[in-house]
Amino acid sequence: MKRLAPQLLTLAAVIVLISLVFPGFLSVEFSNGRLVGAPIDILKRGAPVALLAIGMTLVIATRGIDLSVGAVMAICGAVAAWAIVGGHGLGAALGLALGAGMLCGIWNGLLVAAFGIQPIVATLILMVAGRGVAQLVTQGTILTFSHEGLAFLGSGSLLGVPVPALIWIAAGAVTGLIVRQTALGLLIEAVGVNPRASTLAGLNTRVLLVAVYLIAGLFAAIAGLIVTADIRGADANNTGLWLELDAILAVVIGGNSLLGGRFSILGSLLGAMIIQSINTGILLAGYPSEFNLVIKAGLVVVILMLQSPRLAQVFALPRRAPLARPKEAGE
Amino acid sequence: MDASPILSARGLNKGFPGTKALTDIDFDLRPGEVHALLGENGAGKSTLVKCLTGAMRRDSGTILLHGQPISPASTLEAQALGIGTVYQEVNLLANLTVAENLTLGRQPRRFGLVDRRAMKAEAEAMLAGYGLAINVNRDLGSYSVAVQQIVAIARAVALSGKVLILDEPTASLDAREVELLFGVVERLRAKGLGIIFISHFLDQVFRISDRLTVLRNGRLIATTEAAEVDRHRLIAMMLGRDLAAQEAAHAPAQLNDAPGMLSFRGCGRRGAVEPFDLEVRQGEVIGMAGLLGSGRTESAELLFGLSPRDTGEARDGDRPLSLASPREAIAAGFGFAPEDRKTDGIIADLSVRENIVLALQARRGWAKPIPRAEQTRLATDYIRQLDIRTPGPEKPVGLLSGGNQQKVILARWLAMNPRFLILDEPTRGIDVGAHAEILRLIRRLVAEGMSLLVISSELEELVAVSDRMIVLRDRRHVAELAGGGLTADRIVDAIAAGDAA
Amino acid sequence: MNPRLLPLLATTMIFLLAYAICILQFPSMLSTRVVGNLLTDNAYLGIAAIGMTVVILSGGIDLSVGSVIAFAGVFIAVMLRDTALPPLLVLALLLALTTGFGAAMGGLIHLLAMPPFIVTLAGMFLARGLAYVLSIDSVPIDDPFFKSLQGAYWLMPGKGRLHLIAGIMLASVLVGALVAHRTRFGANVMALGGGEATARLMGVPIARTTVLIYAFSGFMAGLAGIVFAIYTSAGYPLATVGVELNAIAAVVIGGTLLSGGSGYVVGTLIGVLTMGLIQTYIVFDGSLSSWWTKIVIGGLLFLFILLQKALLRLGPR
């Protein structure tokens, strides 16, 4: 928990700030069998970025990046809508969408692991082409559907809680558990810090790399499903547009280094919630939403400064010096 | 011959956390001489050069250029003072043309734009006298390494002009290219430059040097006229074999008659090491001796599947072994503690515990995690057994000293309980105490039935631990010594023999 | 031949081949009118891509250009509407602003030792946010001077119109090519792209060069914004979303190595024209859907990345 203190503090500060301007911010009511209120809204609307952030955290931990997740969301939403409209049923829609997401992930993973292409370049291809593929599926229209089962994923609620919120929380918890209860987390961190030494220690670096991109693709598919289900239609142009950037931002705000290694999924999820709180808060507080991006930019710069290796050096020197001295004295 | 030195150092000291890299080094370079700097890896050659060129800050001592004290803070400053350096690699930019490389930062301009014609003329003028007939408007990367080296020398000489330091310039050149390079060096010597030449190819050292200085473990061993030493004595100085001393008390290990466990036939890899045969018996230590660049590390990497062999076969008893990747080697019960711990060994940001369990975990697969309690037990166990100095198992391994990092890597492999463990320079750069512990550990492992392949530049040490010794030279396994024939003298002979030919 | 020229050659061949196919199918595409439109419609993208080329040659990336173009449009429109400043002064002010903005990003990249990706991402948010702050709605520009800029063209033989903004783009290509390939700064950019550590050893002023690179990109993005404002006669904060992506794609299709150090500004022009040609072809065809543009561009990207990977592998010999 200590490691996440800055993220928790930031989130608290954002919430306090918004509450000052908009006193009713934290109130939650129960009406019509649903919880209603700004915090619930944040949990629901933050779902796509939170889901993307989970996969992105793992990718970034291997010193990679996945620019294509927004486009993959569009592809998977389109595939699901196409399957529903075509009368193939909910099972087929979900299966095809998740399959498409994983396929995209494998494509990215192979480019990175087998061809040795820089991640940013490799995923750029699908980022550019993916939206075209999604439009190909929807034939350029917004493919609307009326299927309560699928719509439930986006706008339904269970025990009063919106389904998207439940999905991302469950996804985060399951991934977190899998990563930390198995050795996956350790192996991913090892590859991210030192791929060569990891290979020498017998890690299957290539398979691991493909796996993290596959996971990122899978979560992008789920995020795409939620967005598509919410608006009851696949909008190939706008589904997931620029969300890859928000997801990367969430990971960075979550205290994860872009240089790979140690990662915290919980941190990234907090990052996603910080971003969504700012978005929702600015809206509620009556500020024009145009300030949103300016504030976001300011936040990124501040966080970058806190993370900067060069600034860290400047600040860490006085602290590290006493540590080094005893060793030299021991010579 | 007693011209006053152009560059000299007095009482240079340089320490790193955990080790002393240079101790009281005195060094003189005369104008018009080629002065070879010799020593094994970690002897302090590159640290000395870095201190002279400002790439590193010295702890104490003075550097004099023409008798004036200097203190360059960067290689650029040293270059401006007159000291130019050419490294084995990464001197110039392969993606720029030869002319752009030669004139970068001082391109001739006309109306604010680079004057390509004048630049070409200037580049050709800079290369005149180097015997190169090349098109300076082509990318540097399209020329051979030898040409690139000469271009780098031309740039360094043009920018500095007094002292030229050549750091392993011939490492990737063939014989003809070496001659081309030496032609250039001789011409520069005749022009009165002082040239420091670092190389581990003794033939080349004797061919070109006027004087030579030997370093070992950060200390100055000798500075002498090249004509006054022979190959044998030089190697002895480099490897720390004092010929006058009595033969160390070493009971030649009894010849191990255990049946062969692993056998390698005709294993080789083009450009790395010539095909060789190797038998590994249970419970024996095979030493591997040879100068730097003789193919020792390459042999180890080949055995471990890191750079797979392209000829030959490996057998485990009578089953064939594939060994196409470290994973396969590990599955066959191999382990490998590499020479360069920082880049190939430790995962710096991860804890001591995680580093120790890493290989074991990789073999079990991600889905079968080692329980945390078991991990901690393993880690604390090895921390105690190997006396790893760390505040605890959760300390990031990157913060430990070199010797302790080495022990962590040893622990990683011991936790695997391998049959065959390869140790590449296991005692390099670690302090004396840890040194002895690692040697003791090697003996204990062998007693437990493990087979080891130990690569080391410390001849005494290697003789002391090995049952058999493979000697390498020029990327070939040239001799195998065992029993009474296994002495440091014989090894030095075997290394020197081929060179004399 | 210098192997560095190979990707440029491949780009040119692909463009000529594509154009030949277009003409075979639609002979009317062989006219100065089509060429004039191709240049005019892609003028802003071309200018932004030139700035991007220099950034990518240095091994960096600039995600802010799309937002800066939108900001520029809104800034010009709002200034012309709300102040009495002469249009030329407004344009000069804008260029100073965007250049300074780029320089600030370059400074941060160097100072924080952070990946350009993240720093320029922040820049992207900031510029877009500032555009919103200035105006949420589209602001029309009805300044007579601007109208005259929009109407200015040179009638080419064959009735094709070479608009002023197309001329600005071609001039930018020329200037960009000179800066990248004929100045000491350009050589430093290439050196940086070849390897920062080596470049530093060879005495390249890293800090100054980094700041100048992003300042140049900021200037070009500002210029692209002016051209876009002329082209659309309006400033709209939601405009040119994702143009940075098209610019990056154009640079890569133009044969520049995305990891830096090798490429030509002229190649970028051909990359932009190739992308424009695909769109024109789809318009001419009428039955093909617009999404094929993206898919084909993605395919071209893949092709060039593989081609360069192969060249890199052959390179050291």
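Author: In this predicted model, residues 72-100 of chain A are 90% helix and 0% strand, yet the end C-alpha atoms of this span are 8 Å apart. Residues 47-65 of chain A are 79% helix, likewise with 0% strand, and here the end C-alpha atoms lie 20 Å apart. Both spans come from a record: an unreviewed UniProt entry lists them under "transmembrane region", together with residues 106-129, 150-171, 207-229, 241-259 and 293-317 of chain A.

Chain A also has a partner in chain C. The contact between them involves 35 residues of chain A and 37 residues of chain C. On the chain C side, the elements that each give two or more residues are helix 5 (87-112), helix 6 (116-134), helix 12 (243-253) and helix 14 (291-314). By class, this side of chain C comprises 27 nonpolar, 7 polar and 3 charged residues.

Chain C as a whole contains 14 helices and 4 strands. Its C-alpha trace spans about 60 × 50 × 30 Å along the principal axes. Where contacts in chain C join residues at least 6 apart in sequence, 80% of them link residues at least 24 apart.

A residue is taken as buried when 20 or more other C-beta atoms lie within 10 Å of its own. By that criterion 12 of the 13 residues of helix 14 of chain B are buried, and the helix is therefore largely enclosed by the rest of the structure. The buried residues include the charged Lys407(B) and Arg412(B), as well as Val408(B), Ile409(B), Leu410(B) and Trp413(B).

At the level of the whole chain, the domain assignment divides chain B into domain 1 (7-95 + 139-229) and domain 2 (260-500). The centres of domain 1 and domain 2 of chain B, taken over C-alpha atoms, are separated by 32 Å.

Methods: Residues numbered from 1 in each chain as written. Chains lettered and ligands numbered in written order. Predicted model: local features only at pLDDT ≥ 70, side-chain atom pairs only at ≥ 80, totals over all residues. Contact = placed C-beta atoms within 7 Å. Domains from an automatic or database assignment. UniProt positions renumbered as here; feature names shortened; annotations may be inferred.
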